[in-house]
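Please read the following points alongside the model shown below. They go from the surface as a whole to single residues, with the cut-offs given where a term is first used.

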Amino acid sequence: MPEEINHPVQGSKYDKIFRENMHNTLPGIIKHVLHLNVNTVEELADDVLFRK
């Protein structure tokens with residue numbers, strides 16, 4: 001069982017679920033935790049964040 005927890009496929013599934021849920025959850029976190037009023041949200045491409 002411990003091998004399954006550290007398997008790369010398991011991590012990929014977690015990342016996908018996290019990204020899908022953060023799309024709906026992030027505005028609430030920004031408003032209630034950071035106390036910011038955001039009017040628009042724009043998704044950035046992955047390569048913008050990690051340039052080599």
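1. The protein exposes about 5,600 Å², of which carbon and sulfur atoms supply 58%; accessible areas here come from the Shrake-Rupley method with a 1.4 Å probe, and for residues only the protein chains shown count as cover. Of the 52 residues of the protein, 2% count as buried, where buried means under 20% relative accessible area, exposed over 50%, and partly exposed in between (1.4 Å probe, protein chains only).

2. This is a predicted model, in which local features need pLDDT of at least 70 and side-chain atom pairs count only at pLDDT 80 or more, whereas totals for chains, interfaces and linings use all residues. Residues are numbered from 1 along each chain as its sequence is written, and side-chain values use heavy atoms, with hydrogens and water left out.

3. The mean pLDDT (the predictor's confidence in each residue, from 0 to 100) is 77 for the protein, and 71% of its residues reach 70 or more. Confidence is lowest in helix H1 (residues 2-5), with a mean of 54, and highest in H2, with 82.

4. The protein has three helices and zero strands, and its pattern along the sequence reads α-α-α. Helices (H or I, at least four residues) and strands (E, at least two) are DSSP runs, numbered from the N terminus.

5. A nonpolar patch on the surface is formed by Leu 26, Ile 29, Val 33, Leu 34, Leu 36, Val 38 and Val 41, which together have about 630 Å² of accessible area. Patches are made of residues with over 30% relative accessible area and no salt bridge, like charges being joined within 9 Å and nonpolar side chains (Val, Leu, Ile, Met, Phe, Trp, Tyr) within 5 Å. Leu 26 lies in helix H2 (residues 8-32) and is partly exposed, at a relative accessible area of 36%.

6. The structure holds one salt bridge, that is, a side-chain nitrogen of Lys or Arg within 4 Å of a carboxyl oxygen of Asp or Glu. The side chains of Glu 20 and Lys 16 form this bridge at 3.6 Å, N to O; because the two residues are four apart in helix H2, about one helical turn separates them. Glu 20 is partly exposed, with a relative accessible area of 44%.

7. Lys 31, also found in helix H2, counts as partly exposed at 47% relative accessibility. Leaving aside neighbours within four places in sequence, Lys 31 is in contact (heavy atoms within 4.5 Å) with Leu 36 and Asn 37.

8. His 35, in the loop between H2 and helix H3 (46-49), has a positive phi of about 55 degrees although it is not a glycine. At 65% relative accessibility, His 35 counts as exposed.
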